[in-house]
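Below is a short report on a single protein chain, written for a reader who has the sequence and the coordinates at hand.

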Amino acid sequence: MIQYEKRLSRDLLLGLKGSVGPFACLFALPSATFAVVLKTWFDSTDLDATKKIGFTATPYTSFTAMLAFLIIFRTQQAYSRFCTGGALVRSMTCLWCDAACSFVTFTRTSKIDSNEVGRFRELVVRLFSLMNALALAKLSDTDGDDGTAFLMKLKVIDPGSLEPSVIRTVNDTELKVEAVYNMLMALLAEADQAGLMRVAPPVFARALNEMHVGCLKYDDAHNLRFLLFPFPYAQVTVWMMFIHMMATPFMAANVCLGRIQAFCICFLLTFVFWALHEVSVELENPFGNDANDLDMQGYQDFCNKRLLLLLHQTNDKAPDLRTDVALSELTIRTVRGETLPLLDAGVTSSVHSMAFPLRSDVHEVSDDSSSDLDDVRHAHAAGFR
């Protein structure tokens, strides 16, 4: 997605990246040139232009008004789809991050060995990062390759530490997001039975529901991507656009006083209609690789930062108040209120680009390194300092 200044700026006026201006000019320039040719022909003869071609402005005005209604309606629907798509992807990512936070937090009071708890946390973070990247890549698939090309641009938290069987399972199915979701469900069920997470069943069910709702948001976004604007409506609109483009030169040549005026009027009318039509086409599918599509890399980076924050919190001690401050003083401070000194929140993270197809030989980890995954946790924490 293109970021721009809301106020008047050079990029807003003259920027070509993501602009529909060049596309609209492909239709406006020939139409305006034809208007000049017609105007020259009308001026070279003595007969009135209306008598030559039988053209009057009233039918053209009615036709233009009807076409304007069709294009405006389609543009409104396209903008609604764009906003809905952005909201669905944001909700999907936030729900999955919230669920991961809950599962990691549930292990704080576990009585199981700390190494097992640490490995569980590391695995949860990696699988959620992988699932989110696969979902974004699938939504952005424009080449029919299940998002393989786009997935190479996204970053996943340390995919090389996953078992080769995980990589093979993802590679061997077209439902990659659903495959990782099933892995997470199996992992959480086994962790709950093993006592890695000590939490009341209703609270655990709430976290599972967040993860489930995130998948529903993904399904809604997936349906939005493939639910195109009705073909008959789009086809009739394009037909009327071409008819308007051919009729506008006759109108301009008939009512304008000179060739320059005919060129400008015809160019302006044709340009505006084709530009608005192209805007609706651009906004109808908010997922993809175009400059006007949603920033999927930004969503994935946001997800990785939230997940890495869970690994950064290596101290299992819950937050508390200072012990040297009396309760009476705390009450006074609460009533009085103070400004909060902001801290430097610069965060650096270590994530890796993930290229598909995944190969187990590339991401295979030795037994020694896999047994020391707990050290990776401290490496992540060091990256935040």
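## Helix H5 against H12

In this predicted model, helix H5 (residues 114-139) packs with helix H12 (residues 296-312) at an angle of about 175°, and their axes lie 10 Å apart. Helices and strands here are DSSP runs numbered from the N terminus (H or I of at least four residues for helices, E of at least two for strands), while axes are lines fitted to C-alpha atoms, for helices over the stretch in contact, with angles running from 0 to 180 degrees between N-to-C directions. H5 and H12 are therefore roughly antiparallel to each other, given that angles over 145 degrees count as roughly antiparallel, under 35 as roughly parallel, 65 to 115 as roughly perpendicular and the rest as oblique.

On the H5 side, the residues that meet H12 include Arg121, Glu122, Val125 and Phe128, and among their counterparts in H12 are Met296, Tyr299, Gln300 and Cys303, where contact means heavy atoms within 4.5 Å. By class, this contact of H5 with H12 has 11 nonpolar, four polar and two charged residues; Ala, Val, Leu, Ile, Met, Phe, Trp, Tyr, Cys and Pro count as nonpolar, Asp, Glu, Lys and Arg as charged, and the others, Gly among them, as polar.

## Helix H5 against H9

The axes of H5 and helix H9 (residues 201-226) come within 10 Å and cross at roughly 15°, which makes H5 roughly parallel to H9. The crossing of H5 with H9 is left-handed, a term used if the near helix is turned anticlockwise from the far one by less than a right angle, with right-handed used if it is turned clockwise.

Phe128, Ala135, Lys138 and Leu139 in H5 meet Met211, Tyr218, Ala221, His222 and Arg225 in H9. The residues of this contact divide into six nonpolar, one polar and two charged.

## Helix H2 against H11

Helix H2 (residues 21-43) and helix H11 (residues 259-284) have axes that come within 7 Å and cross at roughly 150°, which makes H2 roughly antiparallel to H11. H2 passes H11 in a right-handed crossing, and the residues of their contact divide into 16 nonpolar, five polar and three charged.

Ile260 has its place in helix H11 and counts as exposed because its relative accessibility is 67%; exposed means over 50% relative accessible area, buried under 20% and partly exposed in between (1.4 Å probe, protein chains only). Ile260 and Val36 are 224 residues apart in sequence, and their C-alpha atoms are 7.5 Å apart in space.

## A positive phi at Asp158

Most residues other than glycine have a negative phi. Asp158, although not a glycine, has a positive phi of about 45°. Asp158 sits in the loop between strand S1 (155-156) and helix H7 (164-171), and counts as buried, with a relative accessible area of 14%.

## The chain and its confidence

The secondary structure of the chain comes to 16 helices and two strands, and 40% of its 385 residues count as buried. Among contacts between residues at least 6 apart in sequence, 84% join residues at least 24 apart.

The chain averages a pLDDT (the predictor's confidence in each residue, from 0 to 100) of 80, and 77% of the residues score at least 70. Over residues 344-350 the pLDDT is below 50, and this stretch has seven contacts in the model beyond near neighbours in sequence. Residues 353-385 also stay under 50, with 67 contacts beyond four places in sequence.

## Conventions

Local features need pLDDT of at least 70 and side-chain atom pairs count only at pLDDT 80 or more, whereas totals for chains, interfaces and linings use all residues. Residues are numbered from 1 along each chain as its sequence is written, and side-chain values use heavy atoms, with hydrogens and water left out.
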